[in-house]
Amino acid sequence: MNVLLTGGCGYIGSHVAVVLMSEGHDAVIVDNLSNSRREVVDHIAQIVGRPPTFYQGDVGEFEFIRDVIRRHRIDSVIHLAGFKSVGESVQRPLQYYQNNVCGALGLLHAMEAESVSSLVFSSSATIYGDPQYLPVDEAHPQHVINAYGRSKLHIEDMLRDICISRPSLGVICLRYFNPVGAHPSGLIGDRPNGIPNNLMPYVVQVACGERDFLSVFGGDYRTPDGTGVRDYIHVMDLAEGHVAALNYLSTNNGWHAFNVGTGRGYSVLEMIRAFEGESGRAIPYKITARREGDVACSYADIRAAALELNWKATRSLEDMCSSAWRFQSRLSKA
Ligand code: WQD
């Protein structure tokens, strides 16, 4: 299939591009490079053995994106382009709604104009807010508490309404838990601009000496060791989940949402120990105050995706850590 991959130069997007193309699909990447790098296109080509098509541009520009869809006879869209920092969204909600929600609207208008009827949307477990029960299933109440999560929920709800008006449309919202790790080649991985917000890229930078120590945000949560527990999923498992979703839409219409996690939670201290084991590097850390907005514990109920998409994560915590370290080690040598 000809698949339009918005945000395809990003962390998740580049791994989805590799899996898509490795399975014989043609990927057309649109990315405005606001939080990614053009060189990723070359790394994808190096891994797959052929280049994806790439356009630098904004997914919300109707005429531009409609022209790309028409020119490449796009069959399906995987929409990942969007701002994704929870903390930043609290400071800059307007920019998050403009970029994420209005960007999605431009894409959806273009899809309708060109009769594209298959969409996989990058959503987030953030829409659930503080879990009221665990594991979190897709029916969990949606008590979103920040503009990033709310932008994702607005898009999910828009898609639900559009599916009612267009019965031929098939949509899957994939609710990500905590993606970590990198492609085994070490050529692509998580490379945030500036100081990393997320745990794994920060740990990696401590391991290679870019940061002196890790601040562990809170050691007094009601968890086994007092530190936050999350459902970390290998980015390659996550990428394969997107292709499984695309395959599901080849025979199913309507609106669907699935959690994409492993169903297992690990604490910050467990992550530190696992990373030290895989990298052979010590990770100095200090327990500091809790981070505003953090929840104690979150992990996914993964039965729906296993049953409907015939997909589940298979890679281990060790794989997540060793692949993240391999990517960083290659970067450090570059
Ligand atoms: C994980 C754990 C922190 C950094 C966020 C978004 C979510 C998704 C993934 C987009 C927590 C602790 C972290 C640090 C720490 N992004 N931590 N020191 O907050 O679960 O989820 O990223 O979809 O939407 O909300 O991930 O990696 O920031 O934190 O102790 O320097 O690590 O308190 O317990 P989070 P995270």
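Predicted model: local features only at pLDDT ≥ 70, side-chain atom pairs only at ≥ 80, totals over all residues.
Local features were taken only where pLDDT is at least 70 and side-chain atom pairs only at pLDDT 80 or more, while totals for chains, interfaces and linings use all residues. Residues are numbered from 1 along each chain as its sequence is written, and side-chain values use heavy atoms, with hydrogens and water left out.

The largest nonpolar core contains 42 residues. A nonpolar core is here a set of buried Ala, Val, Leu, Ile, Met, Phe, Trp, Tyr and Cys residues joined through side-chain atoms within 4.5 Å. A residue is called buried under 20% relative accessible area, exposed over 50%, and partly exposed in between, with a 1.4 Å probe and protein chains only. Within this core, Leu-20, Ile-78, Leu-174 and Leu-309 touch the most other members. Two or more residues each are given to the core by β1 (2-6), α1 (11-22), β2 (26-31), α2 (39-48), β6 (170-176), α8 (235-249) and β11 (254-260). Helices (H or I, at least four residues) and strands (E, at least two) are DSSP runs, numbered from the N terminus. Helix α8 supplies the largest share of the core, 10 residues. A second, separate core holds 28 residues, including Ile-69, Ala-104, Leu-119 and Met-158.

Not counting residues up to four places away in sequence, Leu-20 touches Val-3, Leu-5, His-25, Ala-27, Ile-78, Val-243 and Leu-246.

Two packed helices are described by the angle between their axes and the distance between the axes. The axes are lines fitted to C-alpha atoms, for helices over the stretch in contact, and angles run from 0 to 180 degrees between N-to-C directions. Helices α1 and α8 pack at about 60°, with their axes 8 Å apart. The two are therefore oblique to each other; angles under 35 degrees count as roughly parallel, over 145 as roughly antiparallel, 65 to 115 as roughly perpendicular, and the rest as oblique. The crossing of α1 with α8 is right-handed, a term used if the near helix is turned clockwise from the far one by less than a right angle, left-handed being the anticlockwise case. On the α1 side the contact is made by Tyr-11, Ile-12, His-15, Val-16, Val-19 and Leu-20, and on the α8 side by Val-235, Met-236, Leu-238, Ala-239, Glu-240, His-242, Val-243 and Leu-246. These residues divide into 11 nonpolar, 2 polar and 1 charged. In this division Ala, Val, Leu, Ile, Met, Phe, Trp, Tyr, Cys and Pro count as nonpolar, Asp, Glu, Lys and Arg as charged, and the others, Gly among them, as polar.

Helices α7 (199-207) and α9 (268-279) pack at an angle of about 40°, with axes 11 Å apart. They are likewise oblique to each other, and α7 passes α9 in a right-handed crossing. Leu-199, Met-200, Val-203, Val-204 and Ala-207 of α7 meet Val-268, Met-271 and Phe-275 of α9. This contact consists of 8 nonpolar residues, with no polar and no charged ones. Helix α7 is largely enclosed by the rest of the structure, because 9 of its 9 residues are buried. The cover over these residues includes β7 (178-180), β8 (214-217), β10 (232-234), α9 and α11 (317-333). Gly-209, which follows α7, has a positive phi near 90°.

Pro-196 lies in the loop between β7 and α7 and is buried, with a relative accessible area of 6%. Leaving aside neighbours within four places in sequence, Pro-196 is in contact with Pro-201, Tyr-202, Gln-205 and Arg-211. The C-alpha atoms of Pro-196 and Ser-85 are 9.9 Å apart, although 111 residues separate the two along the chain.

A cis peptide bond, with omega about -5°, joins Leu-134 and Pro-135. Pro-135 belongs to the loop between β5 (118-124) and α6 (147-165). Asp-301, in the loop between β13 (285-288) and α10 (303-308), touches Pro-135, Val-136, Asp-137, Glu-138 and Asn-259, not counting residues up to four places away in sequence. At 8% relative accessibility, Asp-301 counts as buried.

Positive phi values also occur at Leu-33, about 60°, and at Ser-115, about 55°, neither being a glycine. Leu-33, in the loop between β2 and α2, is buried at 19% relative accessible area. Ser-115, in the loop between α5 (93-113) and β5, counts as exposed at 58% relative accessibility.

How values were computed. Contact = heavy atoms within 4.5 Å.
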